[in-house]
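Keep the viewer open as you read.

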Amino acid sequence: MSPPHDEHDRILILDFGSQFTQLIARRVREERVYSEIHSPTRDIDWIRAWGPSGIVLSGGPSSVYDDDVPSVSKELLELGVPVLGICYGMQLIAHLEGASVHSGKREYGRASLTVSSAEGLFAGFEVGEESTVWCSHGDHVNEPPSGYVTVASTGSLRTAAFRAEDRPIWGVQFHPEVAHSVRGDEILSNFLFEVCGCRPTWTAGAFIEETVERIREQVGDGTAICGLSGGVDSSVAAVLVHRAIGDRLTCIFVDHGMLRKRERDQVERMFRSHYEMNLVVEDAADLFLGRLDGVIDPEQKRRVIGNTFIEVFESTALRERTGASFLVQGTLYPDVIESVSVGGPSVTIKTHHNVGGLPEDMPFDLIEPLRDLFKDEVRQVGRELGLPEEFVGRHPFPGPGLAIRILGDITRERLAILQEADAIYLEEIRAAGLYDEIWQAFAVLLPVRSVGVMGDGRTYESVLALRAVTSRDGMTADWYPFPHEVLANISTRIINEVEGINRVTYDVSSKPPATIEWE
């Protein structure tokens with residue numbers, strides 16, 4: 001089988017364990033060039049067959065002189081394919097080509113880069129021009145290998161970038177993919193278009209056309225079911241598959257009772273009325289809330305909800321007798337590449353927010369139309385498909401819903417309090433024109449009560465925490481600096497309109513060290 005999207009120029013990214021590898025892929029995709037992340041264990045024959053227009057060697061925590069470190073064959077540099085080594089990737093090129101890699105004082109943070117050759121990777125720069133870049137390394141290369149020349153330096157690095165004199169091979173000791181490298185996007189763009197000669201054909205429209213055709217080929221005359229949550233991923237996946245096979249798709253929406261206010265109505269209205277899909281809504285709130293009675297531990301909440309979801313989804317699909325042989329899932333590219341890094345998957349901080357995965361023995365073949373996309377690309381595809389902005393641009397919402405935003409016991413009374421407070425919070429953010437500036441905003445009902453005064457009387461009621469963060473990808477996040485008057489309006493409305501709350505707080509912790517969700 002030919003590689004996916006083989007009609008486009010594409011960049012192969014070999015991941016040596018850098019925390020920034022996904023950013024490299026995202027920056028390449030933002031230039032409308034397709035990219036994939038793979039392990040450096042891929043052999044030369046596989047790489048040659050994959051047919052990259054260019055290869056990026058990522059950074060990583062290793063030293064080229066350590067035992068059992070990730071590496072590649074020197075043949076990679078002899079394929080005639082342009083190569084860009086970033087940080088460890090640059091050191092690896094130098095090592096393979098016979099140069100020395102030196103240990104030195106760790107350099108982490110901003111540095112001033114001086115360019116000495118304004119061509120190729122640095123086309124558009126001026127010779128002698130300085131630009132801020134982001135460094136994160138201990139080892140470095142003092143002198144380039146034989147046949148290479150230095151093309152940029154910093155105050156502490158004689159060779160901050162080099163290139164081969166007879167081949168399109170480049171190395172940089174800094175990270176152009178991070179936002180702190182001021183002209184990093186320009187450097188990566190130069191690699192794609194000046195060095196590799198790529199064409200910017202990887203667009204949302206092209207993806208939709210190719211994916212719809214692929215789904216039709218996969219499904220043939222069969223039928224499919226989709227677990228629809230109303231979130232961006234499942235909504236875009238459902239619309240894509242519906243465009244391909246029409247009413248042979250049945251969507252099942254499991255209402256576990258922990259949705260935001262009016263969310264179920266919005267989903268039914270859009271998918272039944274606007275898209276005329278076969279939509280089955282299963283009201284299982286009583287079942288879920290019953291099983292969550294007395295459950296306080298957040299991981300146990302997730303397990304209860306995940307297992308119950310699977311049970312309800314299976315029984316609903318069986319009852320509806322769809323006869324489906326295909327199951328649609330909204331798997332995204334970060335899910336696919338989680339285990340690609342040479343260091344293996346990250347340590348589990350908490351179970352994934354999506355409601356639990358379906359069992360392997362379910363009698364379905366999978367359709368995963370979004371498995372090649374990052375979240376921002378899913379949103380672009382959704383807009384191209386005509387999905388309303390209220391769905392496409394909505395903030396992330398966890399699969400377990402408000403269950404992990406109610407700390408402690410989950411009761412109908414506490415659930416109703418949080419639904420009302422959260423609705424007011426989001427309404428005020430939209431009214432202030434701030435919703436699109438914020439990556440995620442939500443309210444958390446705390447398991448504590450505080451003393452208050454209302455109408456000259458003493459109250460002893462619940463405390464609500466507000467959370468709002470800015471982020472590019474959810475991997476790191478900063479708290480959002482609301483104007484004071486906006487926070488004041490939100491607090492006043494919630495305390496006045498939501499019975500059961502007499503105190504509102506605002507969370508000013510960043511990720512790390514905190515996580516975005518409280519549970």
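## Ground rules

This is a predicted model, where local features need pLDDT of at least 70 and side-chain atom pairs count only at pLDDT 80 or more, while totals for chains, interfaces and linings use all residues. Numbering runs from 1 along each chain as its sequence is written, and side-chain values use heavy atoms, with hydrogens and water left out.

## Aromatic rings

A pair of aromatic rings is described by the distance of the centres and the angle of the planes. Rings of Phe, Tyr and Trp (for Trp, its six-membered ring) pair if their centres lie within 6.5 Å; planes under 30 degrees apart are stacked, over 60 edge-to-face, and the rest tilted. Searching the whole structure on that basis turns up 15 aromatic pairs. Take Tyr-108 and Trp-134: their ring centres are 5.2 Å apart and their planes sit at 75°, so this pair is edge-to-face. Tyr-108 belongs to strand 5 (residues 102–115) and Trp-134 to strand 6 (residues 130–140), so the pair ties together parts 26 residues apart in sequence. Helices (H or I, at least four residues) and strands (E, at least two) are DSSP runs, numbered from the N terminus.

Trp-134 is buried, at 10% relative accessible area. Buried means under 20%, exposed over 50%, and partly exposed in between, using a 1.4 Å probe and protein chains only. Elsewhere, Tyr-425, Trp-479, Tyr-480, Phe-482 and Tyr-506 make up one aromatic cluster.

## Charges over rings

A charge sits over a ring if NZ of Lys or CZ of Arg is within 6 Å of the ring centre and within 35 degrees of the ring normal. Arg-183 has its charged end over the ring of Phe-125, 3.7 Å from the centre. Arg-29 lies over the face of Tyr-333, with 5.1 Å to the ring centre.

## Two packed helices

Helix 6 (residues 232–245) packs with helix 11 (residues 375–384) at an angle of about 45°, the axes being 10 Å apart. Axes here are lines fitted to C-alpha atoms, for helices over the stretch in contact, and angles run from 0 to 180 degrees between N-to-C directions. That makes helix 6 oblique to helix 11; angles under 35 degrees are roughly parallel, over 145 roughly antiparallel, 65 to 115 roughly perpendicular, and the rest oblique.

Contact (heavy atoms within 4.5 Å) involves Val-232, Asp-233, Val-236 and Leu-240 on helix 6, and Lys-375, Val-378, Arg-379, Val-381 and Gly-382 on helix 11.

## Helix 1 and what comes after

Eight of the 10 residues of helix 1 (residues 21–30) are buried, so the helix is largely enclosed by the rest of the structure. Among them are Leu-23, Ile-24, Val-28 and Arg-29.

Arg-32 has a positive phi of about 65° despite not being a glycine, and counts as partly exposed at 42% relative accessibility.

Most residues other than glycine have a negative phi, and most peptide bonds are trans. Cys-87, in the loop between strand 4 (83–86) and helix 3 (88–96), has a positive phi near 60° and is buried at 3% relative accessibility.

Check the segment after strand 18 (501–506), where Pro-512 lies. The peptide bond from Lys-511 to Pro-512 is cis, with omega near -15°, and another cis bond joins Pro-512 and Pro-513, with omega about 15°.
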